[in-house]
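Please view the sequence and the model together while reading.

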Amino acid sequence: MDKKNKLIAIVGAANVLDDPKTLEAWSQDESFVPARRPWFVVRPQNLEQVQALVQWANETRTPLVPVSSGAPHFHGDTVPSVPEAVIVDLSGMNKIIKIDRRNRMVYVEPGVTYAELAPALAAEGLRISTPLKPRPNKSVMASLLERNPTQIPRLNFSLPEPLRALGVVWGTGDVAFTGDAGSGPLSLEAQWQKNLAQIDPKGPNATDLMRLMTGAQGTMGIAAWASVRCELLPSARSYHFLPAEKLESLVDFCHQLERDRLGDEVFVLNAAQAARLFAASPDEIGSLQEALPQWMVVVGISGAAFYPEERVAVQEKDLQIMAQKFSLSLLPSLPGVTHAQVSQALYGCSQENYWKLAPKGGNQELFFLTTLDKAPGFVATVQAIAAELKFPINDLGVYIQPQHQGVSQHVEFNLPYNPKCEKEVAKVKAIFEKASAALLADGAYFSRPYGSWAAPVYNRDATAKHVLQVVKNILDPNNVMNPGKLCF
Amino acid sequence: MEISRDAYRAIEDIVGAENISDDPAFLDSYAFQWLAELVRPENSHYMPRPWAVVLPATTEEVQAIHRVCNKYGIKIKPISTGWYHWAAPMKDNEPTIQIDLRRMDKIISIDEKNMVAVVEPYVTCAQLQAEVMKLGLNINIIGAGCSTSIVASASTYFGAGPSSYYMGNNSDNLLGQEWVTPGGDVVLTGSLSSDCGWFCGEGPGPSLRGVTRGNMGSRGGLGTYTKCAIKLAPWHGAAVLEPQGPPPAYRLPIPENTRVYTIGVPSWDAFAETYLNIYDNEIGYIFHRQFNLAGADLAPALWLTYLRPDGTMNDVETASKDPEMQKLADEGRISFQIILQGRSVDEVKLQDKILDAIMAKTGAYKVGRFCEQDFAEFTHMYLQRLGHKHCNFIWVGGYMGSWMQAGIPDFVKNYSPVAIDGFYRDQKQSDGLVQCGGDALMGCGSSISGGGYFGFEQFVSYDPNDKASVQACVKHMYDAIDDCKANGIPLGKEYIYLMIGWPDEQIWNDFSKAPQTFVLHFQRKIKEHFDPRELGDRNYPWLPKGMGQPNFITQS
Amino acid sequence: MALEDFRADAMRCTRCAYCKWIPFDHVKSWKYAKGCPSIEAGKFHSYSAGGRLVTALSLMDGRSTVTPAVEDSVFKCTMCGLCDVSCKLCRYDMEPLAAMSELRATLVEDGHVPAQVEPILKSLRTEFNMLQKPRAERGNWAKELGLKDLSKEQAEVVFHAGCRYSFDGDLGHVAKASVKILKQAGLDFGIMGENESCCGGRAHTMGHRKDMHTRATHNLTAWKKAGVKTIVTPCSDCYHAFKRLYASTEGSEIQVLHMVEIVDQLLKDGKLKLTKAVNKKVTYHDPCHLGRQGEPFVAWNGVEKKIFGQAVAYEPARPRYNGAFGIYEAPRNILKAIPGLQFVEMERIKEAAWCCGSGGGCKETYPDFALSTANQRLDEAQSTGADAIVSACPWCERNFLDANQEGASKLEVLDIIALVEQAL
């Protein structure tokens, strides 16, 4: 019980949980990663407590698994890989520290969710580019740290955008800020007094510390705050759909669209994914899917600041010309989908019942990065494997999200299933494993190698793996930060 | 510095006798570097002479050279297009091989659809820009101009330029890269490490590029970057730039979808307001304060003379006394250049209209003479290609940028007057510096991708052929540091420049007082792993164990 | 001038490397961005203008000595002057070409002469040409043309064929074509025939200034005796020597015209009509000595002064040679006036033209380097889709012909005056 007492001393008794139900809930997620029960769940309330926890973990060689978002979790990164782990539940650190309208920055703690942030920003006339219809309890920081794709590629000057600077408790137990914040005093308030705004993600010095935190699945340290760039909240908006029977028919158009940085929200869906995204309720999904085109590009257009309506009009005209050039039609709406449903999908959060789980209760995601020209080939690969393993092909959802201003594409497959049906679970698992191997072999880039993806990804390049292990060893010498993940 | 001839022969065997030299005059051509005179004993123009210079042609040759250097304990200093005092060996008593990468000069590929180019270190921005413009694409050319190496600015040095505002800083434009560590290992980053091509610089998992890219990059201090991929940006102009007119002020016609303006503002407050409005309104393709490098007092006289192919500095002197020119200097005293480019004519018309609205709101105005066709076309050429960047040295060949502190507009508007007063004071105290007025602040509209954060540097011009002038510049550098400290402003570029001449202990002493030293210890540990024989120099800086604020990483 | 006079240039060089490239605004491709043949061959920084400035400084300060490597880096340069144009895009206080010339002359004075130069110099000194041909054969091209011999007669205009057109069998027809045009225009002119002497320009660019002085003295004396006020030449090397070098070193004020200037003016005045179609697609190579180095000479004898505290100006104002006023339009006007001719430009043109490789004595001293430089130009010419490369200098043409013999391209190599003759 020494451990528990020590934890209680750090975060307080109310914030140390070890009841079986809680531990059971944290022992698994929606992925196929094997379940493992943590020893404790702790809920720090501030950076100092986080630092104390990490220092204690180093002293006791106790594994920590940092988690910011509320359940459900999907990729196995929040499930302990080793025994005797402590879940560090950061959801209680949920302050929006500051909204700086003048410089269009917001400062958040890890527990701040998209559902909380959006209205707070809107009140200041701001917004941030979000993942596609995130679940309301999804942590903004966790999403950015894990390089979840966001919907507006033209704003995506880098994959971590709009993440800028972090305040980090590193695996060593040291606190150090990243980016330009790493050059100033170790206090946000002190930096603000000097008119420093934590906007530059580079550095400090010759290192991009922030980039060592991204994609790390909590293996390098725990970020206690982040600065995030915001956009002006549009005062005029429209959206458009460009349908096609084949994905291939959309590729050249999308290349052009992304190159010209036309529009805000830009992504590609197949009918199955679109039906789930836009349906007002799970019951509607089937009929909606029937009515929708096989493939579509979704383009959101907006205008803010001066002349917002004219901005929308000019973009719409350019979009129209571009669509004609590629012999695509431009639809103002989709059959059976209301304006409110589209708005919710593009600009809002999911309902409590997360839209990806809504159809069947379970959903396996399979995603990677590639370039747009290669996307149709990967889609064909997964479709073939799904068909081979008798998965209803019409249920296979596909979402392609341009990233990094169109240079890379997040390609995501969604395989809904009934988690209570062992047969379905086994089938989806088999597809997942077979498709993952096939995609990897074909050159799909698993930039966020969760769970079983990690080993084959890191085995591809022993040198890069070694360098990463050196970095890990420096930043977390006792391997207390989420051990067992990635190549650690 | 004598080293076993075996080392020379070993490297000669790698690259061939014609690609290595230790001829003293050849070596001097590498030791002679801009800014050396500001930091070297007796204001010498020479940095330490390399032990030899070698010209590898492939990554494998670079790797083999590194390994020989490890065996014989020879320091490594790679250069691409090769510029600045930190491009040279750092210390007199350390044998260093200068790796001149000019034979690695190929554009490996341009992927038009996915907007990715892969280049070797000696590909200049001008070359790649010319090739990608044919495909309707563009690249962010850094502030130092189009003569610079893309690999250098993306992988290992600052990556900002006038177009970073729209096209992104090259730190963000960096995709996959190939890094030969001092130990001779080839590290591939991003998608390259998974053998999936060059298109992504992040991951898998944490991004290895984070180890060395940072803010300044490692500047040749931690091995050699032999290739990188760079993200390209949209270009809606001509496939081939066709400059018009005689040298030096070539002019680029302005097409219907483009506008080129010099915008003036009445005060630094108005500057910040105008900046923030432009940023909020997301207009502009290139955003820069360019022509003020000549100093606000003299800029019109210089640039209007520059337009004439036979104009001389004597003409500048005459023009500067012309009351009309002085009036123009006042009109453009706080000004900047902006180029609007639309994907369509309608779009640029709207941007133009938005700019008008911004000016009406903030009191900004178009500087009339600088917006006339001849000057606007010259501005267009200058900023699209950045092929005149060495006008930095136009007065007398010596230029040092002080006060290069980037920040939010409110930060810049506050430090600019301090920088102006300090520079003006130093100009008046001696005749060692070019007297161009206190405001020779120049800089790009964004130091980072997309705007919101920028900075200016004072263009301090001095005569490298006049020791007293060189020393006046050095004095100004220390004065600027004192001004920063007195006003609570972070130290700028002059500090980084001066540091090149300091002994390790002095640097470490300074570093140890930094508010955060974590990263310097991280870098020490990285160096211990990847450069155990310390073949790289302190351009990849570190702090010795135990220095700085006590914490875990400091002590370990 | 002495090398020491260029110390300030060296000290003020910022190693920006503009001297290695064509003016950046003119860069239209990866391939044809390069501007310096020397560093393309030699690769080390010392093979650039900036590198040579450091070499000069290093030698002056006794930091290094003249080694075979230094000799190679100093002399393996065509002295084409593109570095000078590019440098001066941003600088008013640098004269890199003049400094390189001074460095060469200094090395020569100190006895550092590449061995292969000796027989060429001997020919110049005894046979008045650098092609190692008997002096007596010099006027052969003009036999039976009935031209005035100005060694015996008087005329205000002398036609100077130059060594290459006089002795090179493949190019002699250009001299004949030139005089045919001059005759047709009704010009009163003569030639020096056997008594014509090399201009000495190549010797000067190779660092042998005394040899040029000897040749210049010979020529100027002969012309004076013949009452010559204007020199007309189809050779750009001679043109440059007479117009710039004689003016600057000998104080010559004689008018110098290249044949392209004469033809251009005749066409403008309607005194020459081109009527025959020449159905070719051609591109034009600007000779360095007609183009960027063909600017008018302006006498200057001044000193540096400081303005605005430290900025450099000169008292009186120093003339600015930056390639702006070279002879570019005359040859282009001519080509555009030839019926049936399709004229296309290369990427590197006018002041930004890539050298043929022949200049600076390299044709004689570093033939492989000269040919590899020509190859690169022919490659560029070929990329335009042209059938022929046209120039206005026999040294360029000879080098292109030689490169073609080694398989560089299948382009026809034509002299612009010969082309005019075809169109008459």
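Predicted model: local features only at pLDDT ≥ 70, side-chain atom pairs only at ≥ 80, totals over all residues.

Residues are numbered from 1 along each chain as its sequence is written, chains are lettered from A and ligands numbered from 1 in the order in which they are written, and side-chain values use heavy atoms, without hydrogens and water.

**Interfaces**

An automatic or database domain assignment divides chain A into domain 1 (2-91), domain 2 (93-232) and domain 3 (236-442). The centres of domain 1 and domain 2 of chain A, taken over C-alpha atoms, lie 22 Å apart. Their contact (heavy atoms within 4.5 Å) takes 21 residues from domain 1 of chain A and 21 residues from domain 2 of chain A. Between the chains, 96 residues of chain A are in contact with 98 residues of chain B.

The table gives the buried area, which is the accessible area (1.4 Å probe) that two parts lose on being put together, summed over both. It also counts salt bridges (a side-chain nitrogen of Lys or Arg within 4 Å of a carboxyl oxygen of Asp or Glu).

| Interface | Buried area | Share from carbon and sulfur atoms | Salt bridges |
|---|---|---|---|
| Domain 1 and domain 2 of chain A | about 1700 Å² | 61% | zero salt bridges |
| Chain A and chain B | about 7900 Å² | 58% | 13 salt bridges |

L47(A), S69(A) and L90(A) supply 27% of the area that domain 1 of chain A buries against domain 2 of chain A, more than any other three residues. For the area that chain A buries against chain B, R102(A), R259(A) and Y445(A) supply 10%, more than any other three residues. A salt bridge links R211(A) with D172(B), the closest N and O atoms being 3.1 Å apart.

**A sheet in chain B**

Strands are DSSP runs (E, at least two residues), as are helices (H or I, at least four), numbered from the N terminus; two strands pair if DSSP finds at least two bridges between them. Chain B has an open sheet of four strands in the order 1-2-4-3, with mixed pairing. Strand 1 (20-21) and strand 3 (75-79) of chain B each have a single partner strand, so one side of each lacks a neighbour in the sheet. Strand 1 of chain B pairs with strand 2 (residues 52-54) of chain B in the antiparallel sense over two bridges.

**A loop residue**

G136(B) lies in the loop between helix 5 (125-133) and strand 7 (137-138) of chain B. G136(B) is buried, with a relative accessible area of 17%, where buried means under 20%, exposed over 50% and partly exposed in between (1.4 Å probe, protein chains only). Beyond its neighbours within four places in sequence, G136(B) is in contact with R259(A), A233(B), P234(B) and W235(B).
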